[in-house]
Amino acid sequence: MKAAIVGGSGYVGGELLRLLLRHPEVTVAQVTSDAMAGKAVGRAHPNLRKATDLVFVPHAALAPADVTFLATPHGGSMAKMPGILATGGIVLDLSADFRLRDPRAYPTYYRTEHPHPELLAEAVYGLPEVHRDALRRARLIAVPGCIATAAILALRPLVPTGTLASGPVVVDAKTGSSAGGQDPGRAGSHAERSGVMRAYAAAGHRHTAEIEQETGLRVALSCHAVEAVRGVLATAHAFVTRPVEEKELWRAYRAAYGSEPFVRVVHETDGIHREPEPKILSGTNFCDVGFASDPHADRVVAIAAIDNLMKGAAGNAVQCLNVRLGIPETTGLDFLGLHPI
Amino acid sequence: MTACPECDATVVRNDKVLGEVFPCPDCGTELEVFGTTPFTVQPAPKEAEDWGE
């Protein structure tokens, strides 16, 4: 099938290209970028030199495709979506424009009214671990945010245990610099970023809305920039109404993810990699989830680690496409990562 | 088969012998085969500080 990537010069676009150029069911027919129009793909993504002859074309030259990936900034696809859908293909939007089912959330979290609330009801939130059946029939797939992905996958197994107290769950997330995209402004300069441990969104982060939507929990989210290029580590502090044994947590996480190809439950009793950590996940589509019981504080700690550009964006989008196509979900996503890295 | 005493994971005997030490496939705990009929396991003793010197 023929694929088009809109906004292909960014980091997420580069990861989509890396994955799709080796995907056995997909041929990348077109990659758009106004800023890089006329230039070879390898100019923006040097790891892809000699892998393709593709040249960026302007957004206006976008042609219909069997599947279109939108790797554009938030707000870039809201208004255009009806026209893109009218071409008849599958659309995977990696921006936030169709992630939230409630249109009233957009003015709160994205400072804009949604111009097509009717499409919010149709869009499927692209997390296969939660919406696999709906993805099989989806026309419009809204690929989740990276921090939201980690937090949702960490927290969801706790919900059916019935042990969570009624107050909010606290989620503390750390993220690498690539989550800010290629043009993060002064905050991304070497002088500002090197050695950073910065609370860039102590409260009010946009992904709060996604996490609440997909878990049904009230969430208090704080986000920090740390010294890394890739990676999200989400540590959730869930307060419980009774002591929870770790065996019970094992059962809950095993029930949720025992058959998932990309979610690994990591909570080991020995060694130096006992809980999830994003470093070893670079370039992979895995989400490692772990947990700990803290009866002293009536607390369960849930932890998830991902590569923000992979399970947090491009890799998860390809997994969604695989689900949609009815082919093995691991197709084109079999990289196991590097160690040491 | 039996269950890991730490995490309740299913542990399969295959051809393990009495006293054999192996890691739990889920939580990584070192388990020792404590009985074969029926198949039972328990956490293996950890090395004391001066072992191996």
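In what order do the three strands of the open sheet in chain B stand? The order is β3-β4-β5, and the pairing is antiparallel. Strands pair here if DSSP finds at least two bridges between them. Strands (E, at least two residues) and helices (H or I, at least four) are DSSP runs, numbered from the N terminus. The structure is a predicted model, in which local features need pLDDT of at least 70, side-chain atom pairs count only at pLDDT 80 or more, and totals for chains, interfaces and linings use all residues. Residues are numbered from 1 along each chain as its sequence is written, while chains are lettered from A and ligands numbered from 1 in the order in which they are written.

In the chain B sheet, β3 (21-23) and β5 (39-43) stand at the edges. Each has a single partner strand, so one side of each is left without a neighbour in the sheet. Neighbouring strands of this sheet are turned by 40° against each other on average, direction ignored. Axes are lines fitted to C-alpha atoms, for helices over the stretch in contact, and angles run from 0 to 180 degrees between N-to-C directions. Three bridges hold the antiparallel pair of β3(B) and β4 (residues 30-36) of chain B. P23(B) stands opposite E30(B) in β4(B). The loop between β4 and β5 of chain B contains P38(B). The peptide bond from T37(B) to P38(B) is cis, with omega near 0°.

Chain B also touches chain A. Seven residues of chain B are in contact with nine residues of chain A. Contact means that the C-beta atoms of two residues, placed from the backbone, lie within 7 Å. The chain B side of this contact has two nonpolar, two polar and three charged residues. In this scheme, Ala, Val, Leu, Ile, Met, Phe, Trp, Tyr, Cys and Pro count as nonpolar, Asp, Glu, Lys and Arg as charged, and the others, Gly among them, as polar.

Chain A has an open sheet of seven strands with mixed pairing. The order is β8-β9-β7-β10-β13-β12-β11. At the edges stand β8 (197-201) and β11 (263-265) of chain A. Each has a single partner strand, so one side of each lacks a neighbour in the sheet. The twist averages 20° from one strand to the next. β8(A) is joined to β9 (residues 219-226) of chain A by four bridges, and the two run antiparallel. M197(A) has V226(A) in β9(A) as its bridge partner. Helix α10 (residues 246-257) of chain A lies across β11, β12 (287-294) and β13 (299-306) of chain A. Its direction is at about 155° to β12(A).

Elsewhere in chain A, β1 (residues 2-6) and β2 (residues 27-32) run parallel and are joined by five bridges. K2(A) stands opposite T27(A) in β2(A). The chain crosses from β1(A) through helix α1 (residues 11-20) of chain A to β2(A), in a right-handed β-α-β crossover. Right-handed means that, with the strands pointing away from the viewer, the path from the first strand over the helix to the second runs clockwise.

Helix α1(A) also meets helix α11 (residues 314-325) of chain A. Their axes come within 8 Å and cross at roughly 45°. The two helices are therefore oblique to each other. Angles under 35 degrees count as roughly parallel, over 145 as roughly antiparallel, 65 to 115 as roughly perpendicular and the rest as oblique. V12(A), E15(A), L16(A), L19(A) and L20(A) in α1(A) meet A314(A), G315(A), A317(A) and V318(A) in α11(A). These residues divide into seven nonpolar, one polar and one charged.

Helix α6 (residues 128-135) of chain A meets α11(A) as well. The axes come within 9 Å and cross at roughly 35°. P128(A), R132(A) and L135(A) in α6(A) meet Q319(A), C320(A), V323(A) and R324(A) in α11(A). Four of the contact residues are nonpolar, one is polar and two are charged. The segment after α11 of chain A holds P340(A). A cis peptide bond joins H339(A) and P340(A), with omega about 0°.
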